[in-house]
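Look at the sequence and the structure before reading on.

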Amino acid sequence: HSSMADRANTAAGKILHNSFWFGLETVLETIVFLGTSIAVARYLGPEKLGEFTYINFFVTTVTRTSGTGLAGATRKYMSEFIGLNRPGTARAVYHLAYRYQLLASILITALGLISVFFFSAANYHWMSAILILSIIPGVMSWVPAQANQAFEDVYENTLSALGYIVTYAVVIVLTLHNHWDLIGIASAQLIGRTVEVIMRTI
């Protein structure tokens, strides 16, 4: 009976711990992105904002979709092997998934870059290319994020997400102050996602 009570207490503690960190991430993300979105919209104006939003929508969709595919399967199988007390196999699943995710993200990014230089307006090429490049770190952050969830610890995910949010906000503020225009705003996404994936992977 005592061991069952201990397990219940441990599970409840994990749920509270993870809920706190996930809630903190969600609140800060909402505040920062709402504030920066308003500032960016005023700074760019409708024409530039429209072009940025068009490319950014594609990048966001690709990045989000990847989180429900291979990364989701990685969490499922890692959780099963962890439950069977086979951490070595769980790690092997993680490394295999990471390699496939990297190949897929490079391929999607390469196709995106080719499309940008053929089909987008010349004066938006660099902004579009920088946004497309952010697909790689954006997609690659999903596998370690799902691996952390398999270990029932979202603290690492929240910490790296905060790294992304803070970096993104800083680059946006610098862009608005120094008038870096679309290049700076696109760079905020790329630099922020790169910081996130480094913090999440190491």
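Which residues does Leu131 touch, not counting residues up to four places away in sequence? They are Phe52, Ile55, Asn56, Val59, Ala186 and Gln189, where contact means heavy atoms within 4.5 Å.

This is a predicted model, in which local features need pLDDT of at least 70, side-chain atom pairs count only at pLDDT 80 or more, and totals for chains, interfaces and linings use all residues. Residues are numbered from 1 along each chain as its sequence is written, and side-chain values use heavy atoms, with hydrogens and water left out.

**Nonpolar cores**
- A nonpolar core is a set of buried (under 20% relative accessible area, 1.4 Å probe, protein chains only) Ala, Val, Leu, Ile, Met, Phe, Trp, Tyr and Cys residues joined through side-chain atoms within 4.5 Å.
- The largest one has 24 residues, and Phe52, Met127 and Leu131 have the most contacts inside it.
- At least two residues of this core come from each of α1 (2-44), α2 (46-66), α5 (125-133), α6 (135-140), α8 (155-178) and α9 (181-201); helices are DSSP runs (H or I, at least four residues) numbered from the N terminus.
- With six residues, α8 gives the most to this core.
- Met78, Phe81, Val143 and Ala150 are among the nine residues of a second, separate core.

**Largest pocket**
- The volume of the largest pocket is about 960 Å³.
- Its lining has 36 residues, and Glu29, Phe33, Arg64, Tyr164 and Arg193 lie nearest its centre.
- α1 gives the most to this lining, with nine residues.

Note on methods
Buried means under 20% relative accessible area, exposed over 50%, partly exposed in between (1.4 Å probe, protein chains only). On a 1 Å grid over the protein atoms alone, a cavity is a set of points where a 1.4 Å probe fits but cannot get out, and a pocket is an open set with protein on both sides within 12 Å along at least five of seven lines; lining residues have an atom within 4 Å of a point. Grid points are joined across faces, edges and corners, and a volume is the space filled by probe spheres set on the points.
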